Amino acid sequence: MSIPSLSHNDELLALQNVLASQSLISLFVEDANRTEDYSCEASGLYLDYSKNRVNSRAMALLFNAAREKNLEQKIQALLGGEAINYTEKRPALHTALRGASNTPADKKALVDDVHVKMAEFVDSIHSCRWRGSTGKTITDIVNIGIGGSDLGPLMVTEALKPYQQKNIRCHFVSNVDAADLLSILANTNPESTLFVVASKTFTTLETLTNATTARDWLTRALGADVDVSKHFVATTSNVENAVKFGIDARNVFPMWDWVGGRYSLWSSIGLPIALGLGMENFKALLAGAAEMDNHFSEQPLEKNMPVILALLGVWYTNYWEADTHAIIPYAHDLRLFPKYLQQLDMESNGKSAAHKGQVKQATGPIIWGEAGTNGQHSFHQLLHQGTRLVPVDFIAPLKAHHEHNDHQTHLFANCLSQSYALMVGKTLEQAKQEFIDIGYSDEESEQLAHHKVMEGNRPTNTILMDQLTPKNLGALIALYEHKVFVQSVIWDINPFDQWGVELGKKISTLISGVINNEIDGSTFDASTQSLIKRYQNSLKLDDL
Ligand SMILES: O=P(O)(O)OC[C@H]1O[C@H](O)[C@H](O)[C@@H](O)[C@@H]1O
C-alpha cells in the first residue's frame with residue numbers, strides 16, 4: 001500500500017520544516033504566555049498542550065483545515081442525530097445516552113426508560129430483593145461480552161475501584177479460550193452468581209459460546225430444573241435472539257442500532273458498571289460525558305479540547321510521519337485505558353476508504369501505552385532515544401483515593417519528569433560530563449558520550465484532573481471519543497463502521513467446518529491446509 005504520509009497543505013509543510021529545526025524550549029522562551037495560550041479546560045479536565053511542536057500559525061492553519069472540512073457543521077450533525085454513519089445508514093448517537101443538550105426527544109425517551117429499568121434492577125440486586133434460584137443473594141456479576149461489550153465496562157469498573165459497592169464483585173469474560181471463563185467460574189458460587197450476556201448483535205461467536213458454557217455450568221451445579229432466569233440477564237439490541245437463547249424477555253435490557261459497540265458503555269451495556277458501582281455513580285459518569293459533549297458542541301474550535309487534541313494528532317500523523325501515539329496514564333486504576341482506546345481509536349479510524357474512493361493521507365495511528373510509572377521501566381527508553389517520533393498523552397489525577405501522599409507525589413513527579421525530559425533531552429556536552437563525573441577518561445567520555453545523548457523535542461500533552469471520579473472519567477472518555485470523530489472528519493472516513501473485522505470472522509466459521517470435516521478445505525492455501533492438519537492430528541492423538 002503506498003499512501004503518502006504527508007498531506008498537501010504547502011504552508012503547513014513549510015512550517016513543519018521550520019518547526020523541525022526549532023527546539024521546544026525556544027518556543028517557551030519566545031512566548032512568555034505559551035502555557036496559558038496552549039492550554040484549555042473542559043468538564044473538570046485541564047489540557048496543557050504547550051509541549052507540542054506547534055506555533056500559533058501552525059495551530060491557525062490546522063483550525064482552518066478543520067473549517068474547510070466543515071467540522072463545525074459535522075459536529076452538529078453528529079449530536080443532532082443525522083445518519084452520519086453513512087455506510088450503515090444510521091446515526092451514531094452515543095451522546096444521547098448521556099443526555100447531551102441537543103439530544104433528539106424520541107431518543108431521550110427511549111434512553112430514560114432503559115435507565116429506569118436499569119435503576120430498578122440494580123436496586124433489586126443491591127437490596128437483595130433479587131435472589132438466585134436457591135434463595136441466595138447475588139454476590140458475583142459475570143459480564144460475558146467482547147470488544148465494545150467488554151472493554152468499556154471493564155475499563156470503567158477497574159478505573160473506579162474506589163467506588164465499588166461492598167458485597168458485589170464484577171468479573172469480565174471475553175475470550176473464546178475457555179481458560180478465561182473457567183478461571184472466573186473456579187472462584188464463583190453458582191447459587192450467588194448473575195451472568196450478564198452483553199452483545200449488541202447477540203450473534204457474536206465468542207459471547208454465545210461462553211454464555212452456553214456458563215449456562216451448562218449452572219445447570220450441572222444446581223440441577224436441570226434450576227430457574228436460569230434468576231441467573232441470566234442480557235444487554236442487547238437483538239431482544240429476539242436473547243430470548244431465543246433462553247433469557248426471559250423481562251430480563252433483557254435494550255440498546256439500539258444507533259449506538260456503536262465501541263461507544264456503548266453509556267447504554268445498557270454499562271449495566272455491570274451500574275451493578276458494581278451503583279446507579280448514582282453510573283449517572284455521574286454519564287453527566288461528565290454530557291458536559292464534555294456540550295463543550296464539544298458549543299466552544300469555538302480554538303478552545304475546543306477534543307478538536308485541539310485531534311488536530312495535534314493529525315499534525316504528527318500527516319506532517320511528521322508519526323505512526324503511533326502513546327497513552328500513558330499516571331494512575332494505576334487507569335491502566336486499562338490505553339487498551340480501551342485501542343478499540344475506540346483503531347477500530348474507528350483504522351481505515352483506508354474515504355467517503356468517495358481511497359484516502360489520500362495516512363489515517364489513524366497505532367494506539368498503545370501502559371500505566372506510569374511501569375512504562376518507564378520498559379518502553380520509555382524508545383520514547384527518549386528511539387528513532388521514531390511517538391507523541392504521548394500523559395494523563396494524571398492530582399489527588400489519589402488513598403492517603404499515601406508520598407506515593408502520589410512520586411507518581412506525579414515522575415509524570416512531569418517524563419514530559420520535561422522528553423522535551424529538553426540531553427546534549428553531547430552534558431552526556432560527556434556525566435561520563436567524566438563517574439571517572440571515565442576524557443577520551444573514553446568523548447567516545448561514549450553519544451550513547452547518552454537525548455535529542456529531546458519529543459511532543460507531549462498533559463491532561464490533569466482533580467481526582468479520578470466517575471464524572472471526570474466520563475469526561476475523559478468522551479474527550480477521546482470526540483477526538484476520534486474530529487480526526488475522521490479531517491481524514492474523510494466513516495469512524496462508525498468496522499467492515500475490516502468481518503472477513504476473519506466468516507473465515508473462522510469455515511475453518512471450524514473444515515476441522516470438523518463438514519466442509520472441503522482444498523480451496524485454502526497449502527500453509528493454511530497444513531496448519532489445519534496439524535490441529536486435526538492433535539485431536540486424533542487426544543482420542544487415542
Ligand atoms: O456486542 P457484539 O455485537 O457482541 O459485538 C462485539 C464486538 O464485535 C465486533 O467484532 C466488532 O468489531 C466490535 O465493534 C464489537 O464491539
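Helix H17, residues 405–424, lies across strand E10 (392–399) and strand E11 (460–467), and its direction makes about 150 degrees with that of E10. This arrangement, like everything described below, comes from a predicted model. Strands E10 and E11 belong to an open sheet of six strands, which follow one another in the order E1-E2-E11-E10-E8-E9 with mixed pairing. At its edges stand strand E1 (39–42) and strand E9 (366–369), each of which pairs on one side only. On average, neighbouring strands of this sheet are turned by 20 degrees against each other, direction ignored.

At the E1 end of the order, the pairing can be followed residue by residue. E1 and strand E2 (residues 45–48) are joined in the antiparallel sense over four bridges. One of the residue pairs here involves Ser-39, whose bridge partner in E2 is Asp-48. Towards the other end of the order, helix H15 lies across strand E8 (324–329) and E9, running at about 175 degrees to E9.

H15 also carries an annotated position. The UniProt record, an unreviewed entry, places the feature "active site" at Glu-347, His-377 and Lys-505. These three positions span 159 residues in sequence and their farthest two C-alpha atoms are 36.9 Å apart, so they do not all gather at one spot. Of the three, Glu-347 is found in H15, which covers residues 337–349.

A second open sheet is built from five strands in the order E4-E3-E5-E6-E7, and here the pairing is parallel. Strand E4 (169–173) and strand E7 (252–254) form the edges; each has a single partner strand, so one side of each is left without a neighbour in the sheet.

The axes of helix H9 (residues 178–185) and H10 (residues 205–222) come within 10 Å and cross at roughly 35 degrees, and the crossing is right-handed. On the H9 side, Ala-178, Leu-181 and Leu-185 take part in the contact, meeting Asn-210, Thr-213, Ala-214 and Trp-217 in H10. By residue class, this contact holds five nonpolar residues, two polar ones and no charged ones.

The shell around the ligand has another make-up. In total, 14 residues surround the ligand, and the closest are Gly-147, Gly-148, Ser-199, Thr-204 and Gly-261. The shell divides into two nonpolar, nine polar and three charged residues.

Two local backbone features complete the description. The peptide bond from Gly-372 to Thr-373 is cis, with an omega near 5 degrees; Thr-373 is found in the loop between E9 and helix H16 (380–385). Asn-70 is not a glycine, yet has a positive phi of about 55 degrees. Asn-70 lies in the loop that links helix H4 (56–68) to helix H5 (71–79).

Notes. Residues numbered from 1 in each chain as written. Predicted model: local features only at pLDDT ≥ 70, side-chain atom pairs only at ≥ 80, totals over all residues. Axes fitted to C-alpha atoms, helices over the stretch in contact; angles between N-to-C directions. Helix = DSSP H or I, 4+ residues; strand = E, 2+ residues; numbered from the N terminus. Left-handed = near helix turned anticlockwise from the far one by under 90°. Contact = placed C-beta atoms within 7 Å. Nonpolar A, V, L, I, M, F, W, Y, C, P; charged D, E, K, R; others polar. Near = placed C-beta within 6 Å. Pairing = 2+ DSSP bridges. UniProt positions renumbered as here; feature names shortened; annotations may be inferred.
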